[in-house]
Amino acid sequence: TAPSPCCYTTLRDEAVKLFNSLQQLESEWDPVPLMQGVLQTCLDLPPLVDEIYCQLVKQTTEPPAPGGQGDLHYWQLLTCMSCTFLPSPPVLRFLRFHLDRTEKRFPASEMAKYACFIREALEKTKGRECVPSLEEILVLMQRQEMICTVHCPGAPACNVAISSHTTAQEVAQELVSRLGLSQSPNLFALYEQSRRREQPVGSATLLADVLTRFE
């Protein structure tokens, strides 16, 4: 369960805690829960988003072992950040410079591949309602897409590949095309169902946020 904002202390203290988490990330054998914790704090305390971006740029500049496990953990968290939050314009310019510099210095490396992925993600990110799920973080670490299973009435379940930026409307349109219903006069939408309720998913809702709520 994510902590409530009322459980946090001052921004300065939380920034120190996040810095300590980043230091721990370098040697963490399973970095996913730690990454999700950092993302959750940034979601709850938006003023810290720029701070974490700057810290990650610092950690991935002149690392002791470029492309080593610790270095890649920082790039992976930076990838998750880029699919969840947009930094302020000055930090965004600084970040893009860092991405360009990395690609030029380490062409064809894993760092360069993450830099390219992050740049493309920043063009699409508009902000999230929820932080990435554990599953989403795992696929982002591999720069891959998630597979979302949608159950269709009167038809077999459909597996749809989605990114952190895929909306419910985009998935509904793809399913309509797959099922040969493009000429149907009916309107189609996605629904999320839990034990307690069933409700339509807003057309602009990110499917990744819906999956996080299920987690």
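Is Lys-126 buried or exposed? Lys-126 counts as exposed, because its relative accessibility is 82%; the cut-offs are under 20% relative accessible area for buried, over 50% for exposed and partly exposed in between, with a 1.4 Å probe and protein chains only.

A word on the model before the tour. This is a predicted model, in which local features need pLDDT of at least 70, side-chain atom pairs count only at pLDDT 80 or more, and totals for chains, interfaces and linings use all residues. Residues are numbered from 1 along each chain as its sequence is written, and side-chain values use heavy atoms, with hydrogens and water left out.

## The whole chain

The chain holds nine helices and four strands. Here helices (H or I, at least four residues) and strands (E, at least two) are DSSP runs, numbered from the N terminus. Starting at the N terminus, the order is α-α-α-α-α-α-α-β-β-α-β-β-α.

Along the principal axes, the C-alpha atoms fill a box of roughly 60 × 45 × 35 Å.

Of the 215 residues, 46% are buried. Contact means heavy atoms within 4.5 Å; among contacts between residues at least 6 apart in sequence, 67% join residues at least 24 apart. The accessible surface comes to about 12,000 Å², and carbon and sulfur atoms account for 53% of it. Such areas come from the Shrake-Rupley method with a 1.4 Å probe, and for residues only the protein chains shown count as cover.

As for charge, the chain has 19 positive and 25 negative side chains, and the centres of the two sets lie 3 Å apart. Lys and Arg count as positive and Asp and Glu as negative, while His and the chain ends are not counted. Each charge is placed at NZ of Lys, CZ of Arg, CG of Asp or CD of Glu.

## The loop between α6 and α7

Lys-126 sits in the loop between α6 and α7. Its C-alpha atom is 8.5 Å from that of His-165, a residue 39 places away along the chain.

Arg-128 is also in the loop between α6 and α7, but Arg-128 is buried, with a relative accessible area of 9%. Leaving aside neighbours within four places in sequence, the contacts of Arg-128 include Leu-43, Cys-83, Thr-84, Ser-164 and Leu-206. The side chain of Arg-128 also makes polar contacts with the side chains of Glu-136 and Asp-209.

Asp-209 belongs to helix α9 (residues 207–214), where Leu-207, Ala-208, Val-210 and Thr-212 are buried along with Asp-209. Among the elements covering the buried residues of α9 are α7, β1, β2 (158–162), α8 (168–178) and β3 (191–193).

## Polar contacts side by side

A polar contact is a pair of N or O atoms within 3.5 Å; within protein, one must be able to donate a hydrogen and the other to accept it, and residues adjacent in sequence count only if both atoms are side-chain atoms.

| Side chain | Partner | Distance |
|---|---|---|
| Arg-128 | Glu-136 side chain | 3.0 Å |
| Arg-128 | Asp-209 side chain | 2.7 Å |
| Arg-143 | Glu-110 side chain | 3.2 Å |

Ser-109 lies in the loop between α5 (89–105) and α6 (110–122) and is buried, with a relative accessible area of 15%.

## Two residues with positive phi

Most residues other than glycine have a negative phi, and most peptide bonds are trans. Arg-143 has a positive phi of about 55° although it is not a glycine. Arg-143 is found in the loop between α7 (134–141) and β1 (146–150), and it is partly exposed at 24% relative accessible area. Beyond four places away in sequence, Arg-143 touches Glu-110, Lys-113, Tyr-114 and Phe-117.

Glu-62, in the loop between α3 (49–59) and α4 (69–82), has a positive phi near 55° as well. Glu-62 is exposed, because its relative accessible area is 57%.
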